[in-house]
Amino acid sequence: MDHRTDLELIEEFKNGNDKAFNLLVLRYQEKIYWVVRRMLPDHDEADDVVQDIFVKVYRSIGSFKGDSSFYTWLYRIAMNLSLNEIRRKKTRRTFSLDDTTMQHEADDPLPLEQMEREEQTRLIKSAIDRLPEKQKKVFVLRYYEELPYEEISKILKTSVGGLKANYFHAVKKIGEYVKNGMR
Amino acid sequence: MECDKFRSLLVDRQEGVISPADAELLERHLATCAQCTEDIASIGIAFDALRNVEDDAVPTHYFTNLLPNIRRRAEERRGPWPEIILPAWVQKFLAPVSAVAVVASMVSVYILCTPPAGFPSLQPNLRLEQLVEQVPRDDIDQITESIASSSVLARTMEPSQRMVETLSNPSLLSLHIEKELVDDELAHGHSLSIFLAADNSFEDIADEDVGPVIEQLNKISL
């Protein structure tokens with residue numbers, strides 16, 4: 001476990017110690033992967049974006065002034081590049097029933113409880129995927145990353161009041177979607 | 001609307017982080033408000049369902065292989081010459097020289113494209129088009145295609161009609177905006193996020209958020 005702070009590692013990297021960058025990647029790769037993965041529900045796309053994020057960090061870390069924490073800066077890049085990818089694809093992914101049923105056609109029938117759980121997972125993913133992008137990123141940072149609103153406010157540069165409103169709408173929409181989907 | 005005040009409390013209550021005083025206030029409101037009662041039921045359903053969702057699987061060894069992949073891509077993007085051929089001190093020297101060269105070429109393009117005094121100017125468009133010419137055709141097609149379906153662009157263009165009128169092809173403005181925004185997430189991340197978020201659901205954008213987008217549009221010198 002390396003006890004150097006992010007800022008110390010960044011300074012070392014700026015001064016030519018390439019390995020300091022590796023440590024920053026290792027420190028944040030899982031967190032960033034999961035943030036992106038929740039924005040883009042496909043591993044391959046998420047992988048591309050995660051790599052883009054760290055390549056961008058590698059290239060632009062010289063311009064990082066330390067006004068915000070590295071973590072905030074990194075999350076901001078992650079959110080922006082994820083949104084770029086969503087927009088580029090311009091596809092509303094739907095987790096169609098076919099995906100689930102086809103996958104199990106050749107297998108043994110699933111126990112009822114497991115089928116229900118999978119159906120609920122499908123519904124939830126679909127609900128999150130359908131959220132407007134602003135609500136989606138607030139939801140991901142708040143629910144999955146469990147970040148305080150003040151931290152999210154720094155990352156997204158949005159007022160805490162606005163974030164709370166977005167989070168309320170996001171959770172409500174997910175609930176309504178699940179409720180209607182289960183009828 | 002009174003319900004607005006209680007929205008975040010509805011979520012706080014479901015997350016178990018509401019203060020006793022707020023909880024009491026909320027209970028009193030819920031007793032008289034059908035809408036908030038319905039909302040809190042939806043929020044409860046959401047949290048219950050979310051608790052049962054398992055994370056997707058990550059391919060084995062993904063995190064082990066991620067760093068080498070990132071390093072490889074970062075090195076690829078550095079340029080065609082590997083460090084073995086160009087030692088670090090040479091690269092260090094080349095960096096400011098390249099920067100000066102880039103600035104010099106930009107100034108040259110600007111001078112070449114700036115019309116002589118008194119010349120009635122359609123030149124801003126020309127400069128923009130020349131900028132566009134620097135971008136690979138495929139990229140332009142891809143960007144303009146995605147921009148074409150952007151409702152927010154149409155909306156944000158309304159107050160910027162003067163700029164739009166100077167262009168023979170508004171999609172070039174779109175491209176320019178896109179380039180401005182995408183080029184530097186550090187400077188423009190907020191506007192980009194709003195821009196993108198607004199694209200899919202304009203009704204979710206507060207007035208306070210539209211401001212920076214319009215401000216961004218107005219900053220673009222055409």
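Q: What is the mean pLDDT of chain B, and how many of its residues reach 70 or more?
A: This is a predicted model. Chain B has a mean pLDDT of 61. In chain B, 34% of residues reach 70 or more.

Q: Where in chain B is confidence lowest, and where is it highest?
A: The lowest mean, 40, belongs to α11(B). The highest, 93, belongs to helix α2 (residues 20-30) of chain B. The pLDDT scale runs from 0 to 100.

Q: Why should residues 143-168 of chain B not be read in detail?
A: Their pLDDT is below 50. Where pLDDT is low, predicted coordinates should not be read in detail. The stretch still has 41 contacts in the model beyond near neighbours in sequence.

Q: What makes up the contact between chain B and chain A?
A: Chain B gives 39 residues and chain A gives 46. On the chain B side, α11(B) supplies the largest share, ten residues. That side divides into 21 nonpolar, ten polar and eight charged residues.

Q: How do you know that A:I53 touches A:A78?
A: Two residues are in contact if their C-beta atoms, placed from the backbone, lie within 7 Å. A:I53 touches A:A78, and also A:I32, A:I77 and A:L81, not counting residues up to four places away in sequence.

Q: Why is the set that includes A:I53 called a nonpolar core?
A: A nonpolar core joins buried residues such as Ala, Val and Ile through C-beta atoms within 7 Å. The largest such core has 64 residues, and A:I53 is among those with the most contacts inside it. Helix α2 (residues 18-39) of chain A gives the most to this core, ten residues.

Conventions. Residues numbered from 1 in each chain as written. Chains lettered and ligands numbered in written order. Predicted model: local features only at pLDDT ≥ 70, side-chain atom pairs only at ≥ 80, totals over all residues. Helix = DSSP H or I, 4+ residues; strand = E, 2+ residues; numbered from the N terminus. Nonpolar A, V, L, I, M, F, W, Y, C, P; charged D, E, K, R; others polar. Buried ≥ 20, exposed ≤ 12 C-beta atoms within 10 Å, placed from the backbone. pLDDT = per-residue confidence, 0-100.
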